[in-house]
Amino acid sequence: MAALVTLFVIITISFFMMRLAPGGPFSKDRAYPAEVMKNIEAKYHLDKPVVVQYGIYLKRILFEFDLGPSTRYGDRSVNELVKSGFAFSLKVGLGALFFSLLMGLVAGLLAALNHNKILDVIPMSFSMVGISVPDFVLAYILILIFGVTLSWLPVAGVDQIQGYILPCLTLGLIYASSISRLTRGGLLEILGQDFIRTAKAKGLSSRRILWVHSLKGGLLPVVSYLGPAVAGMFTGSLVVENIFQIPGLGRFLIDSAINRDYTLSMGCVIVFAVLILILNLVVDLVYGLLDPRVSYE
Amino acid sequence: MTEKAQRSLWQDALKRLKKNKAAVFSIFFVMGIVLAAIIGPMVLPYTYDSQDFDRINNPPFTSSIQKFSDEKFVDLIPEDYALFAGVYWNTKHYLGTDDLGRDLLVRILYGARVSLAVGFLAAIVSLLIGVVYGSVAGYVGGRVDNIMMRIVDTLYSLPFMFFVILLMAIAGRSFYLLFIAIGAVSWLTTARIVRGQVISLKNSEFIEAAHASGTGHGEIIWRHLIPNTLGPIIVYFSLLVPRVMLEEAFLSFLGLGIQAPMSSWGSLVADSRNFVTLYPWMVIFPGLALTLTLFSLNFIGDGLRDALDPKLKGKQ
Amino acid sequence: MLLEVKDLSVEFATDEGIVRAVDHVSFSLAEGEVLGIVGESGSGKSVTNLALMGLLPRPPARITSGEIFFNRRDLLKLSEKRLRALRGKDISMIFQDPFTSLNPYLKISTQLMEVLQTHSSMTPTQAKKRCLDILDSLGVPEPEIRFDSYPHQLSGGLKQRVMIAMSLLLEPKILIADEPTTALDVTIQAQILDLLKGVNQKHGTAIILITHDLGVVAGLCDRVQVMYGGRIAERGSIDDIFYRTKHPYTRGLMESIPSVDIEPGARLKPIPGSPPDLTELGAFCAFSDRCSKVQDKCRTSRPALTEAGAGHAFECYFPIGDSLEIGKAAS
């Protein structure tokens, strides 16, 4: 399947990027403490030819799910670090997804059902703003409003559950904007179709026409969008974790990039990539469930 | 399609565009920003790195000079401020200063230069790659097209931002590398759009006529196909610029893009992020500039799309 | 009289002005009768029937005059709720394009069953049996399989049969068929028309058949109404229309049908000119700018509906005097 090919490509690219990195564990100028080098040499068999190294690497990742030792935190493995960060990132990502779907779908639905009236214009204007605002700007605006001026929510850290609200809201609002526009567009398009006229001619109630006849088709554009949206939410979590001091995968990725902890960087990239691939598969499946004209192998 | 018919298509589109008030307003806004970015730093008495340690963390306005100084541990120079409508306005530094006493307005205008330049350049790089790749794939067709599009599909599913980050980490933070990296990430959709257009145009009659009269392939691509795909390309470009600017801001914010003392809007926000609760203007003004510009560019893009293809109006 | 339309007028507000899609039109439909409504696009034929069922989108549309009596009740004055109770049950409609008239996201079973669920109190088992029976009687092969399929898995002809089945589930008194065969192949056309004929004869369902094709009308209808510019040009029985034509437009329509007996090389006879701009019509004969017999009177006042015998009426100042054998309508 295409997804597996992509996975291979990602792992391969990461492998070669790592080897090419100047000052990394694989270049001639090894500036790492002895114990780290020991770990690395043991794991990566640096004395063997490149192809063998690649094979070992692949095998280790795919079969043992071992991402290697961190080059920064000598005694901790990437797996450990990733595991600790993953829970946080997952929570942020899911929270953002939840908010974006809730706000986006409701806004889009309202707008479509009140075409060209005030309940259409207001959400759509907001969504225009939401699409243009960069996530970090929105984050600071929300912090200033809710964290500083109103002091309702914590500005950083996720020791309390409220700590998740602002970060999830930030990401959620941005994607809700696109989702609301797509929902509105999709629904309006369906409502203008001939088969809706047939449904009316059969004397069906408008509730049935909306929920049974229109929703499936109307949501299709949103479902297609969810693939890149979810990817975006994970990318966006980089910023959000950064600003709100959440110790998730995103934070590790950024920090490790700045600190040149290549094994950790790669580990994060691979995990993110796998997550996105899985979620894209789920999205494809859902699309197939909604549209009976799509067939699968 | 004769030359004459093409010209009136553009005139038609121009007329439609002029009717779209939001788009027209946005065009003026962006032009205004560009002008300000070019002329501003020449006119203002500060450069982007001129530091003034007597005037660090000065707000653009405040309700009470004394209260501000006490609460925020900042010594304000009262002569700098003029009272108007019950508020003290900073007459020396209209948008305030940062933690090194640098004038924020100038830095924002310099930031405009950088952000806009990177945005346009990276978008152009992306466009060029995409157009060439897409037109070749579409024109040649067959197996070659198949393979080329497979590559695009695979690349499309890669979470690119992560690789860009990795790349920046490995290769360091050079200005050129930054926008090549960003540009290289966004060419995929351009390629797809152009390929689609080329394929649908490929079989039209005027192309056949060109073939029949012995025009070479390269010339056909250059003189016939590309001009006719110009519509969607323009629209896509106008939507690409804000997207690319956003990516640059994103990277600079994370510390991987433009570095001090040069400033782009993203890095300006990043520089002052630790002070946001104390001195919010340092974050708000660059953020506002970035948001408003992106907003305008998006409106222009939307407007162009409606003007060039009114059938798409109202749908996302 | 099953249905009586009295003095119906429908206007649309558009950017270019007010369009009078239907301009003081009256007609009636008896029980078990098949009435054909013929006209070009823009003649008002579809709008009339959408108005009947209350399916006109209002805002843009406005009903400015008229009453539509069905079962002694004025449909135009009924609440939406009452209208919904009628639709699909007493009056059904099938549309022109079966490809777009069925919901591609739902199974055929869902789309059939919901009619019964909405309008009757049948149990699911009874409902399913009814659906299968109707599909079978309409000549759908292997109805069980089709019942469980999605629309895209059926051919155009089958889809149209499903549409017809959907409209007959509750044995409506009136079936309105809006250009039911226009989107289909000629051979399928004939089958569908036969089907409709069968429905009319077996169940006594009155049918309003809307079409632009006189040939279709000839085989199926008892009476015909020719519309032009939102007005009635002529109406009467089949014989009246075909053999005692009065209105120049009707004759023009018939002469423009290519006949099998035409000599090779002979030219076709289209009606000169183009359909009227509906925003410009007023107190004059709508056909005046294309009529070969036009006189000043036609341009300055609108002819009233004149009777020419039992049920045969027309709007024209200078009708065709002696009837000419126009010949067979192509089928």
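A nonpolar core is a set of buried Ala, Val, Leu, Ile, Met, Phe, Trp, Tyr and Cys residues joined through C-beta atoms within 7 Å. I start from that term, and I keep in mind that this is a predicted model.

**Entry: cores**

I looked up the largest nonpolar core and found 135 residues in it. A:Leu253, A:Cys268 and A:Phe272 have the most contacts inside this core. I then followed A:Cys268. Leaving out residues up to four places away in sequence, A:Cys268 touches A:Val82, A:Leu249, A:Phe252, A:Leu253 and A:Ser256. Another core lies apart from the largest one and has 90 residues. I noted C:Val19, C:Leu168, C:Leu169 and C:Phe242 among them.

**Entry: the sheet in chain B**

I traced an open sheet of three strands in chain B. The order is S1-S3-S2, and the pairing is antiparallel. Which strands are at the edges? I found strand S1 (61–62) and strand S2 (81–84) of chain B there, each pairing on one side only. S2(B) is joined to strand S3 (residues 87–90) of chain B by four bridges. Across this antiparallel pair, I saw B:Ala82 opposite B:Trp89 in S3(B).

**Entry: confidence in chain B**

I checked pLDDT next. Chain B has a mean of 78, and 87% of its residues reach 70 or more. I compared its elements. Helix H1 (residues 3–19) of chain B has the lowest mean pLDDT, 68. Helix H2 (residues 21–43) of chain B has the highest, 87. I also marked residues 312–316 of chain B, where pLDDT stays under 50. The model has seven contacts beyond four places in sequence for this stretch. Where pLDDT is low, the predicted coordinates should not be read in detail.

**Entry: chain C against chain A**

I turned to where chain C meets chain A. Here 25 residues of chain C are in contact with 18 residues of chain A. On the chain C side, I listed the elements that give two or more residues: helix H2 (80–86), helix H3 (98–101) and helix H4 (108–119) of chain C. H4(C) gives the largest share, four residues. I sorted this side by class and got 13 nonpolar, seven polar and five charged residues.

**Entry: helix H1 of chain C**

Is helix H1 (residues 45–53) of chain C mostly covered or uncovered? I found it mostly covered, with nine of its nine residues buried.

Key: Residues numbered from 1 in each chain as written. Chains lettered and ligands numbered in written order. Predicted model: local features only at pLDDT ≥ 70, side-chain atom pairs only at ≥ 80, totals over all residues. Buried ≥ 20, exposed ≤ 12 C-beta atoms within 10 Å, placed from the backbone. Contact = placed C-beta atoms within 7 Å. Pairing = 2+ DSSP bridges. Nonpolar A, V, L, I, M, F, W, Y, C, P; charged D, E, K, R; others polar. pLDDT = per-residue confidence, 0-100.
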